[in-house]
Every structure is written in structure tokens, then in C-alpha cells.
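Please keep the structure open while working through them.

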Amino acid sequence: MSYSINELAKLAGISTRTLRYYDKQGLLKARRNPVNNYRYYEETEVDQLQKILFLKLFDLPLEQIKKVMQTSPETQYQVLRNQRSKLVAEQQYLDDLIKNLDKTLATMKGETQMTDTEKFATLKKRGN
């Protein structure tokens with residue numbers, strides 16, 4: 001499917017200004033309609049934009065994202081797999097933190113007891 005710049009911006013939840021900026025920086029090149037010179041995007045660019053937005057979500061600077069996007073599909077896949085592993089680890093940490101906080105709240109209400117080791121077990125994982 002082909003998208004205009006407005007359609008893709010709306011689909012991705014970003015501004016048309018961002019798409020123009022990505023085009024100017026060589027990060028996501030728009031195709032041009034030869035009749036009216038309007039920007040449009042095909043499946044390849046839509047897939048590329050999704051990868052860019054994932055990498056941006058992981059706090060990678062645009063220059064680094066550009067370098068990743070210039071690598072092979074296998075390398076891009078591996079970078080995204082590595083980011084997924086980091087997300088899974090973060091999810092596990094947050095799950096443990098919630099459980100620890102729930103137990104702390106229950107202890108505060110007198111519903112249960114916590115050892116001193118339990119109180120700090122999750123907090124130590126982050127290396128505060």
C-alpha cells in the first residue's frame with residue numbers, strides 16, 4: 001500500500017515535519033510522484049520507519065540509528081533482538097519491583113512480614 005506523507009504520519013503517530021526531517025537526514029527517503037513531486041511511501045519505507053521508531057524508543061541517537069539502518073537486514077534484526085532482550089530484562093525487573101512494593105504495602109498494613117533482606121532484594125538489582 002502507498003501512503004502520502006500525511007497518511008504515514010497519522011499511521012505512525014508522528015508529525016509530517018519528522019518525516020521531512022528523516023528524509024533530509026537521509027534516514028528515510030521518501031519516493032516522489034513524478035507528476036506533482038509529492039512524497040509517498042511504500043511498504044519498504046513503512047517497514048523502515050517502524051524500525052527507526054523502535055530504535056528511537058530505545059534512546060539511540062539518530063546518527064546511530066542511521067548507521068544501523070545502513071547495515072544488512074541480518075544486522076538490523078540482531079540489533080532489534082538485542083533491544084528485545086533488554087526490554088524483557090526490564091519487564092522482569094519491573095515485575096519484581098511491583099511484587100516487592102505490594103509486599104511492602106501489605107507489611108505496612110500488618111497483613112504480612114518482610115525480612116530485611118526481602119526489603120532490599122529488588123532495589124539492589126538496579127544498583128542504586
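1. Asn 100 is a residue of helix α5, and in this predicted model its relative accessibility is 12%, so it counts as buried, the limit for that word being under 20%. If the neighbours within four places in sequence are left aside, the residues in contact with Asn 100 are Met 114, Glu 118, Lys 119 and Thr 122.

2. Asn 100 also belongs to a contact between two helices, for on the α5 side that contact is made by Tyr 93, Asp 96, Leu 97, Asn 100 and Lys 103, while α6 supplies Glu 118, Lys 119, Thr 122, Leu 123 and Lys 125.

3. How do the axes of α5 and helix α6 (residues 116-125) cross? They come within 9 Å of each other and cross at roughly 155°, and because angles over 145 degrees count as roughly antiparallel, α5 and α6 are described as roughly antiparallel to each other. The crossing of these two helices, α5 and α6, is left-handed.

4. Helix α5 (residues 73-108) packs with helix α3 (residues 43-57) as well, at an angle of about 40° and with the axes 11 Å apart. The contact is made by Lys 51, Phe 54 and Leu 55 on α3, and by Gln 76, Val 79 and Leu 80 on α5. The residues of the contact of α3 with α5 divide into four nonpolar, one polar and one charged.

5. A search of the whole structure for aromatic pairs finds one, and this pair is formed by Phe 54 and Phe 58, which are stacked, with 6.2 Å from centre to centre and 15° between the planes. Are the two partners buried or exposed? Phe 54, which takes part in the contact of α3 with α5, has a relative accessibility of 36% and therefore counts as partly exposed, whereas Phe 58 has a relative accessible area of 16% and is buried.

6. The last point returns to helix α5, where Val 88 is found. At 38% relative accessibility, Val 88 counts as partly exposed. How many residues separate Val 88 from Glu 42 in sequence, and what is the distance between the two in space? They are 46 residues apart in sequence, and from C-alpha to C-alpha they are 31 Å apart.

Key. Residues numbered from 1 in each chain as written. Predicted model: local features only at pLDDT ≥ 70, side-chain atom pairs only at ≥ 80, totals over all residues. Heavy atoms only, no water. Phe/Tyr/Trp six-rings, centres within 6.5 Å; stacked < 30°, edge-to-face > 60°. Buried < 20%, exposed > 50% of the residue type's maximum accessible area, 1.4 Å probe, protein only. Axes fitted to C-alpha atoms, helices over the stretch in contact; angles between N-to-C directions. Helix = DSSP H or I, 4+ residues; strand = E, 2+ residues; numbered from the N terminus. Contact = heavy atoms within 4.5 Å. Nonpolar A, V, L, I, M, F, W, Y, C, P; charged D, E, K, R; others polar. Parallel < 35°, antiparallel > 145°, perpendicular 65-115°, else oblique. Left-handed = near helix turned anticlockwise from the far one by under 90°.
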